[in-house]
Amino acid sequence: MLGRWNAAGLAVAIGLGALSLTSTPSAADQIRLMTGPQGGSWYPLGGAIKNAVEGSMDTGVQVAPGGGIANVKAVQSGKAEMGFANSVSTVDAIKGKPPFDSPADNVCNIATLYPQYFQVVVLGDAGLSSPADFKGNSLAAQKKGNTGEAITEHMLKAYGLTYDDMSRVNYGSYTDSVNLMKDGNAQIFTLGTTVPAGAIMDLAAARDVTLVDIDDDGLKRMQEINPGYKRIMIPAGSYPGQDKDVATIGYFTHVVAQCSLPEDTVYNVLKAMVANVDDMAAIAKAMQNASLEGMASDIGVPLHPGAIKFYKEQGVM
């Protein structure tokens, strides 16, 4: 479990002297950082990391959109040095389970940031109260390579369905999905992100929508597909008209890097991230309770040696 998070006091907790970022230059001149689809939280978080790193290191950061699965594949293949990822899909990568063709041996964890929520939204007038009711309806999912899309496929399988049972499946951005829902061209929208999700807030301002529970039996069947899925609740009041908690699937957002990336590079990137955690928390509210213990959490992905060095110095390992 993640420890208690407290972004406001994080810099104080680790000591101002430990965060002096003016000395050691990075061993890498350029870092390619894969993030997420525009409209989600990862893309602007990538911008915050870019600003933090470039403000304290002789290293440039190139931020690019991506998705949890695609990012891990990019890091493993050398197309990117770092990326945002989701714990459930990264563990699959380490083990070489589908959708990965072979075990990823060059993907290391840097920091576990915050919990993610798989969210299933339906139009209020669609008459859908469970994923078991989805057959014959139009679904808006994320692009292939996005963890939310992979979880959507697992959810359907857990309820005895496949994409072929849908009248239509659109693999697009959050913006594409919201527009389809607004126009009534999709009845179901699935995504994995923080709560509240800006895309759902945008949709709820235009249409009456409902969040659908994934019940305990559905969770159990999904855990048979991927044991990393955890129960998490979307608190009542997170969205307009949501008067009760909604049970869904939880996992963790974390930042990964090539294990072969120089130790000093990762050490200094992590130091820069921690020093600027308030800027990141301003983008993703889930990071407002950040702690070093949480960042160093064991999520089944090996920590990079540079991260181990940093966390040991801070006394959380």
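Which residues have the most contacts inside the largest nonpolar core? In this predicted model, they are Met-82, Leu-113, Met-287 and Tyr-311, within a core of 39 residues. Helix α9 gives the most to this core, contributing 7 residues. A further core lies apart from it and has 24 residues, among them Val-120, Val-122, Met-155 and Tyr-229.

The surroundings of Met-82 were listed with residues up to four places away in sequence left out. Its contacts include Ile-31, Arg-32, Leu-33 and Met-34, as well as Val-75 and Ile-110. Met-82 also touches Val-255, Val-256 and Ala-257, together with Leu-261 and Val-269.

The model contains 1 disulfide. It is formed by Cys-108 and Cys-259, whose sulfur atoms are 2.1 Å apart. The torsion about the S-S bond of this pair is about 105 degrees, and the disulfide is therefore right-handed. Cys-108 belongs to strand β4 (residues 107–123), whereas Cys-259 is found in the loop between β10 (246–258) and α9 (263–275), so the bond ties together parts that are 151 residues apart in sequence. The two cysteines were also assigned by accessibility. Cys-108 has a relative accessibility of 5% and counts as buried, because the cut-off for a buried residue is under 20%. Cys-259, with a relative accessible area of 23%, is partly exposed.

Asp-92 was examined as a separate site. This residue is placed in helix α4, which covers residues 87–95. The relative accessible area of Asp-92 is 7%, so the residue is buried. When neighbours within four places in sequence are left aside, Asp-92 is in contact with Lys-97, Pro-98, Phe-100 and Asn-226.

Confidence was considered for the protein and for individual stretches. The average pLDDT of the protein is 90, and 91% of the residues score at least 70. Over residues 1–5, however, the pLDDT is below 50, and this stretch has 18 contacts in the model beyond near neighbours in sequence. Residues 11–27 also have a pLDDT that stays under 50, and for them the model has 27 contacts beyond four places in sequence. Where pLDDT is low, predicted coordinates should not be read in detail.

Conventions
Residues numbered from 1 in each chain as written. Predicted model: local features only at pLDDT ≥ 70, side-chain atom pairs only at ≥ 80, totals over all residues. Heavy atoms only, no water. Disulfide = S-S within 2.5 Å. Helix = DSSP H or I, 4+ residues; strand = E, 2+ residues; numbered from the N terminus. Buried < 20%, exposed > 50% of the residue type's maximum accessible area, 1.4 Å probe, protein only. Core = buried A, V, L, I, M, F, W, Y, C linked by side-chain atoms within 4.5 Å. Contact = heavy atoms within 4.5 Å. pLDDT = per-residue confidence, 0-100.
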